Amino acid sequence: MTEFFYEAFVNKYWQNTCLNNKLASFDELKSLEMAIKSNDFLKTLEVMAVSRINVNQIYYLGGKKTTFFHWAALWADECILELMCQNGAKLDILDEDSKRPYDVAVLAKRVRKTYIDSVFF
């Protein structure tokens with residue numbers, strides 16, 4: 001059941017990302033921002049599946065220019081980071097402070113160091 005749900009999500013996510021080049025709406029951006037900040041995996045999954053949000057694009061989040069992957073590295077647990085990694089999040093994108101998502105995760109101490117190393121390297 002979970003595999004089917006996840007596969008359906010990936011197909012829908014890539015369909016929206018690749019075929020629909022329109023910009024994401026403010027409501028979509030705010031929904032994903034709040035889902036990540038509240039560390040809600042299912043809500044994050046849902047928003048990513050139905051929105052046009054590109055996790056590698058620079059947005060203005062939390063008072064600075066950053067990506068949703070950086071935001072997840074700051075606020076979310078490992079499952080949301082892994083979800084984003086499996087769906088095309090780039091590991092080498094820099095935010096306005098010239099930090100990679102890895103740097104943000106280490107500084108925030110939100111996830112285990114061993115997990116960070118396994119995902120990012």
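The model is predicted: local features require pLDDT of at least 70 and side-chain atom pairs pLDDT 80 or more, whereas totals for chains, interfaces and linings use all residues. Residues are numbered from 1 along each chain as its sequence is written, and side-chain values use heavy atoms, with hydrogens and water left out.

**Whole chain**

Begin with the protein chain in cartoon view, where seven helices and two strands are found; these are DSSP runs numbered from the N terminus, with helices (H or I) of at least four residues and strands (E) of at least two. Along the sequence the elements follow the pattern α-α-α-β-β-α-α-α-α. Of the 121 residues, 40% count as buried; buried denotes under 20% relative accessible area, exposed over 50%, and partly exposed in between (1.4 Å probe, protein chains only). Switch to a surface: the chain exposes about 7,000 Å², of which carbon and sulfur atoms supply 57%. The areas come from the Shrake-Rupley method with a 1.4 Å probe, and for residues only the protein chains shown count as cover. Among contacts (heavy atoms within 4.5 Å) with a separation of 6 or more, 62% join residues 24 or more positions apart.

**Nonpolar core**

Next, select Leu-32, Ile-36, Ile-53, Phe-68, Ala-72 and Met-84, which touch the most other members of the largest nonpolar core, a set of 24 residues. Such a core consists of buried Ala, Val, Leu, Ile, Met, Phe, Trp, Tyr and Cys residues joined through side-chain atoms within 4.5 Å. Two or more residues each are given by helix 2 (26-37), helix 3 (41-50), strand 1 (59-61), helix 4, helix 5 and helix 6. Helix 4 provides the largest share, five residues.

**Aromatic pairs**

Rings of Phe, Tyr and Trp (its six-membered ring) pair if their centres lie within 6.5 Å; planes under 30 degrees apart are stacked, over 60 edge-to-face, and the rest tilted. The count comes to two aromatic pairs. Display Tyr-59 and Phe-68: their ring centres are 5.1 Å apart and their planes stand at 55°, so the pair is tilted. Both Tyr-59 and Phe-68 are buried. Then select Trp-71 and Trp-75, another tilted pair, at 6.0 Å centre to centre and 55° between the planes. Trp-71 and Trp-75 lie four residues apart in helix 4 (residues 68-75), about one turn of the helix. Trp-71 is buried at 6% relative accessibility, while Trp-75 is partly exposed at 28%.

**Asp-95 and helix 6**

Move to the loop between helix 5 and helix 6 and select Asp-95, which is buried at 7% relative accessible area. A polar atom of the Asp-95 side chain lies 2.9 Å from the backbone nitrogen of Lys-99. Apart from neighbours within four places in sequence, Asp-95 is in contact with Lys-64, Lys-65, Thr-66, His-70 and Val-104.

Lys-109 follows helix 6 and has a positive phi, near 55°.

**Cys-79**

Finally, select Cys-79 in helix 5 (residues 78-86), a partly exposed residue at 38% relative accessibility. Cys-79 and Asn-39 are 40 residues apart in sequence, with a C-alpha to C-alpha distance of 9.4 Å.

Methods. A polar contact is a pair of N or O atoms within 3.5 Å; within protein, one must be able to donate a hydrogen and the other to accept it, and residues adjacent in sequence count only if both atoms are side-chain atoms.
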